[in-house]
Amino acid sequence: DWSSDVCSSDLSGKNLHRNWLSIPHVTQHDLADISEMEALRQANKGQAADKGYKLTPLVFLIKACVAALQEFPQFNASMDKDGQHLILKKYYHIGIAVDTPDGLVVPAIRDCDRKSIPELGRELSEVSQRARDKKLTPQDWQGASFTISSLGGIGGTSFTPIINAPEVAILGVGRAAVQPVWDGEVFRPHTLLPLALSYDHRVVNGGDGGRFLTELTSLLGDVKRMVM
C-alpha cells in the first residue's frame, strides 16, 4: 500500500533518477494526425458516458500501442537484473502514469490486447480513481511491459519521458492541437498529437525506434485499422 509515510513522489523520483543514470536513453519525436480518431471520439463520448465510462484519447492510445508492440516485440520486453538478457513478454500490460496530489504513480492495466475500447475505458477510469484515492493494490503496481505517460491534459507541447525500468521503452504524449496541414492544394485543419518515444539504446536501435513510431502514428491516423 503506497499510502504509507513514504511519499510516492520521493519513491518515483529516486527510481527515475536511477533509471536515467543507468539506461542509455534515446528519444524520438513525431506528430500523429488524430483528426479521424477525434471525430469518432467526439461523436461517441456522450454514449460512452451514458454507459459509465469516459472515452478519452488515452483509451485509443492504449489500443494503438498494443498493436505496435505486437508488430515490434522488442519494445514489449524487459532487461534481466544483470542487464545481459532481454526477456520478451507474451502479455500486454500497459502502465499508465497517473498524476495524483501525492505525486506520480504508474498502475498497470492488464491484458490490454484482450479488451475492447469500452472495457479499457472503464478500467482506465477505475484505476485512475483508485490511484487518486490511494487505494491501489500490489497487483496494480506490478507487471507492466510498456508505459504511456500523457501530459496533454496538463499542457505543454512535448517532453522527454524517462524509461520505467525494467521496461525498455516509454511513450510520452503531449497536448493535441489543431494545425494547418498542406494537402497538395490547400491548407486544411488537422488535429495533431505530439508523441515522444524513449527507448533503451542497448535494446533498440534508431531504425527500429523510427519504425515503431511510424507504425504507431499510422495506427492513430487510421481508427478502423487500430480497433480491428
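R211 counts as partly exposed, at 45% relative accessibility, where partly exposed means between the cut-offs for buried (under 20% relative accessible area) and exposed (over 50%), computed with a 1.4 Å probe on protein chains only. Its side chain meets that of D208 in a salt bridge (3.1 Å, N to O), and D208 counts as buried at 18% relative accessibility. This is a predicted model, where local features need pLDDT of at least 70, side-chain atom pairs count only at pLDDT 80 or more, and totals for chains, interfaces and linings use all residues. Residues are numbered from 1 along each chain as its sequence is written, and side-chain values use heavy atoms, with hydrogens and water left out.

**Salt bridges**

- Let's stay with charged pairs: a salt bridge here is a side-chain nitrogen of Lys or Arg within 4 Å of a carboxyl oxygen of Asp or Glu.
- The structure holds 7 salt bridges.
- Side chains of opposite charge can pair when their charged atoms come close.
- R211 and D208 are 3 residues apart in helix 6, so about one helical turn separates them; helices (H or I, at least four residues) and strands (E, at least two) are DSSP runs, numbered from the N terminus.
- D140 and R130 also join their side chains in a salt bridge, at 2.8 Å from N to O.
- That pair links distant parts of the chain, with D140 in helix 5 (residues 138-141) and R130 in helix 4 (residues 117-132), 10 residues apart.
- D140 is buried, with a relative accessible area of 9%, whereas R130 counts as partly exposed at 28% relative accessibility.
- In the salt bridge between R188 and D183, the closest N and O atoms are 2.5 Å apart.
- R188 is partly exposed with a relative accessible area of 42%, and D183 is partly exposed with 40%.

**Aromatic pairs**

- Next come the rings: those of Phe, Tyr and Trp (its six-membered ring) pair if their centres lie within 6.5 Å, and planes under 30 degrees apart count as stacked, over 60 as edge-to-face and the rest as tilted.
- The structure holds 6 aromatic pairs.
- One of them is F72 with F75, an edge-to-face pair with 6.4 Å centre to centre and 90° between the planes.
- Both F72 and F75 are buried.
- F75 also pairs with F212, and this pair is stacked, at 4.3 Å centre to centre with 25° between the planes.
- Why does the pair tie together parts that are 137 residues apart in sequence? F75 lies in the loop between helix 3 and strand 2 (77-79), while F212 lies in helix 6 (residues 206-220).
- F75 counts as buried at 0% relative accessibility, and F212 is buried with a relative accessible area of 0%.
- Ring pairs link F72, F75, F146, Y199 and F212 into a cluster.

**The nonpolar core**

- A nonpolar core is a set of buried Ala, Val, Leu, Ile, Met, Phe, Trp, Tyr and Cys residues joined through side-chain atoms within 4.5 Å.
- The largest nonpolar core has 48 residues, of which F146, I148, L171, L195, L216 and L220 touch the most other members.
- Helix 3 (residues 57-71) gives the largest share of this core, 10 residues.
- In soluble globular proteins, nonpolar side chains tend to be buried together.

- Strand 11 (residues 187-200) is mostly covered, with 10 of its 14 residues buried.
- For the pairings below, two strands pair if DSSP finds at least two bridges between them.
- Strand 9 (residues 169-173) pairs with strand 11 in the antiparallel sense over 5 bridges, and the bridge partner of G172 in strand 11 is A196.
- Strand 10 (residues 177-182) pairs with strand 11 in the antiparallel sense over 6 bridges, and W182 has F187 in strand 11 as its bridge partner.
- Strand 10 and strand 11 form a hairpin with 4 residues between them, and G184 in the turn has a positive phi of about 105°.

**A look at Q42**

- Q42 lies in helix 2 (residues 35-50) and counts as partly exposed at 38% relative accessibility.
- Q42 and L55 are 13 residues apart along the chain, and their C-alpha atoms are separated by 8.5 Å.
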